[in-house]
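Student: Hi! I have just opened this one and would like a friendly walk through it. Could you help me find my way around?

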Amino acid sequence: MRFKPYLIALVAAFLILIAANYYSYVRMGRGFCDDCFLYFGWPFPVWGEGGFVTVTRVLWAGVVANISIAIWIGLFFGWVSSKLLSGKAVRSNDAA
């Protein structure tokens, strides 16, 4: 199965991104300020609320950026792991 390292790396990248965004949500401060703006998301903000009337919105550019970063990181680590696990290791006596 050639796609298994890619699948594992993509799932791991998305799980790490989900955990980082959840941690950002938990750490988001909810103070007693009426006109404050709050955001959460890592590495880009994905949600924000604030203002006097408390406007809540999803920041779609941050969602798309975070998903694309997770895909690229997953593809990179899938490629690296597929190269490492390909079984074409150089033997020590063949290198000389």
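Student: Let's jump right in: in which handedness of crossing does α1 pass α2, left-handed or right-handed?
Tutor: The crossing of α1 past α2 is right-handed. A crossing is called left-handed if the near helix is turned anticlockwise from the far one by less than a right angle, and right-handed if clockwise. Before we go on, keep in mind that this is a predicted model, where local features need pLDDT of at least 70, side-chain atom pairs count only at pLDDT 80 or more, and totals for chains, interfaces and linings use all residues. Residues are numbered from 1 along each chain as its sequence is written, and side-chain values use heavy atoms, with hydrogens and water left out.

Student: Thanks! At what angle do α1 and α2 pack?
Tutor: The angle is about 140 degrees, and the axes are 7 Å apart. Helix α1 covers residues 4-27, while helix α2 covers residues 60-84. Axes here are lines fitted to C-alpha atoms, for helices over the stretch in contact, and angles run from 0 to 180 degrees between N-to-C directions.

Student: So what do you call that arrangement of α1 and α2?
Tutor: α1 and α2 are oblique to each other. Angles under 35 degrees count as roughly parallel, over 145 as roughly antiparallel, 65 to 115 as roughly perpendicular, and the rest as oblique.

Student: Which residues make the contact?
Tutor: On the α1 side they include Pro5, Tyr6, Leu10, Phe14 and Leu17. From α2, Ile67, Ile71, Leu75, Phe77 and Trp79 are among them. Contact means heavy atoms within 4.5 Å.

Student: And how many residues of that contact are nonpolar, polar or charged?
Tutor: The contact of α1 with α2 has 14 nonpolar residues, six polar and no charged. In this count Ala, Val, Leu, Ile, Met, Phe, Trp, Tyr, Cys and Pro are nonpolar, Asp, Glu, Lys and Arg are charged, and the others, Gly among them, are polar.

Student: Let's zoom out. How many helices and strands are in the protein chain?
Tutor: Two helices and three strands. Read from the N terminus, their order is α-β-β-β-α. Helices (H or I, at least four residues) and strands (E, at least two) are DSSP runs, numbered from the N terminus.

Student: What share of the protein chain is buried?
Tutor: Of its 96 residues, 25% count as buried. Buried means under 20% relative accessible area, exposed over 50%, and partly exposed in between (1.4 Å probe, protein chains only).

Student: What about an exposed residue in the helices?
Tutor: Tyr22 is found in helix α1 and is exposed, with a relative accessible area of 56%. In helix α2 you can look at Ala61, which counts as exposed at 65% relative accessibility.

Student: New topic: which residues does the cis peptide bond join?
Tutor: That bond joins Trp42 and Pro43, with omega about 0 degrees. Pro43 lies in the loop between β1 (37-40) and β2 (47-50).

Student: What does Pro43 touch, not counting residues up to four places away in sequence?
Tutor: Pro43 touches Leu17, Asn66 and Ile69. Pro43 is partly exposed, with a relative accessible area of 35%.

Student: One last thing: how many residues apart along the chain are Lys4 and Gly78?
Tutor: Lys4 and Gly78 are 74 residues apart along the chain, while their C-alpha atoms are separated by 8.3 Å. Lys4 lies in helix α1 and is partly exposed, with a relative accessible area of 45%.
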